[in-house]
Amino acid sequence: MRLLQIFALFLSFGTAITPSQAQDIKGGKDHPLISRFAASQLDGFQEVGFGQGLYYLPDTAAPAKELQWDKPVTVEGKVTRLLYLAPKGKSPLEVHRNFEMALKSAGATIKTSVNGKDAWWEPAKHWRSNFSEMTFQGVWAADVSPFWRDGLYVYGILKRNGSIYHVSILTAQNFNESKSQEAAVAIQIIEPIAMQTGQVTINADAMKQGLNVEGKIALYGVHFDSGKSELKPDSKAQLDEMGKFLKQNAALKVFVVGHTDNQGNHEANIALSQRRAEAVVTALVKDYKIDTKRLIAKGAANISPVANNNSEAGRTKNRRVELVEQ
């Protein structure tokens, strides 16, 4: 099957068969999940350790060529964006159908597949919303789309090695080669991953405001190793602010509540979250001289999530310590 000769797509990381990359953009590289169409040139590249991107669903109330622009799917995680220019003689339809067939063959769940015949505004709009901040070679800039017309778009979700990948492929006529109908291909791949949290400390003023408005404040600057209840040294900055806040509000009594995600045994998580809450109370009493009568430690495990536990990003948000006004 010619498809398998052209692509080594979604088989395993590090095994993609790619052609010569002689004129590729400096610093650019193929994503290990998906190879390029044979003999294509990589003309734009962007890789973001943690960012977000938009994916579009079809508008069921409109003709099949249209996308539901006002209700995009927003995905956060590691972002890779690629712009390829296909070789001469390869139409957008041929290039796109090869990608689409490879996605389906790999077992991807296809959420969107539209053919925007004569709809040049669709690829241009998609380009502006997701790809305009890429680094390019050639004539492209933030306000110049490489697409001319006849946009084809596919969005699929693929599970590989315990991770979920969101993949979109937009193919259309290359703007500079509109007469010969050569193809340009924009690919966006987002792998939801846990964002590094605790990099911003909640100060005493923000704690006061949070308690005044909601009666609680979530703190992500208090750190523990997985499965353990000993405070890590990098928790000190957040503990300093907690001690400062409690000293400034001497009449305030609070619950110190430990929260976990839903991984593991619930009873074990109850015990773990209780020990973590107690560790924070101990530190506040010992190191900051806060009256122990003002503090009550409680472990809530995963009974009060702030995000869905189905993703690592959601689980990261759920692992937290909260101050709750008594």
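**View 1. Serine 168 sits opposite glutamine 188 of strand 7.** Here we look at a pair of neighbouring strands in a predicted model. Strand 6 (residues 163-173) and strand 7 (residues 183-191) run antiparallel, joined by eight bridges. Strands here are DSSP runs (E, at least two residues), as helices are (H or I, at least four), and both are numbered from the N terminus. Two strands count as paired if DSSP finds at least two bridges between them.

Some ground rules: residues are numbered from 1 along each chain as its sequence is written. In this predicted model, local features need pLDDT of at least 70 and side-chain atom pairs count only at pLDDT 80 or more, while totals for chains, interfaces and linings use all residues; side-chain values use heavy atoms, leaving out hydrogens and water.

**View 2. Strand 5 meets strand 6 in a hairpin.** Strand 5 (residues 151-160) pairs with strand 6 in the antiparallel sense, over nine bridges. Two residues lie between the strands of this hairpin, and asparagine 161 takes a positive phi near 50°. Further along, isoleucine 157 has histidine 166 of strand 6 as its bridge partner.

**View 3. Histidine 166 has its place in strand 6.** Is this histidine 166 buried or exposed? Histidine 166 is buried, because its relative accessible area is 11% (buried means under 20%, exposed over 50%, partly exposed in between, with a 1.4 Å probe and protein chains only). Strand 6 is mostly covered too, with ten of its eleven residues buried. The side chain of histidine 166 makes a polar contact with that of tyrosine 155, at 2.9 Å; such a contact is a pair of N or O atoms within 3.5 Å, and within protein one must be able to donate a hydrogen and the other to accept it, with residues adjacent in sequence counting only if both atoms are side-chain atoms. Leaving aside neighbours within four places in sequence, histidine 166 is in contact (heavy atoms within 4.5 Å) with residues including Tyr55, Val75, Gln188 and Pro192.

**View 4. Methionine 242 belongs to the largest nonpolar core.** That core has 26 residues, and Met242, Phe245 and Val256 are among those touching the most other members. A nonpolar core is a set of buried Ala, Val, Leu, Ile, Met, Phe, Trp, Tyr and Cys residues joined through side-chain atoms within 4.5 Å. Not counting residues up to four places away in sequence, methionine 242 touches Met207, Leu219, Val222, Val280, Leu284 and Leu323.
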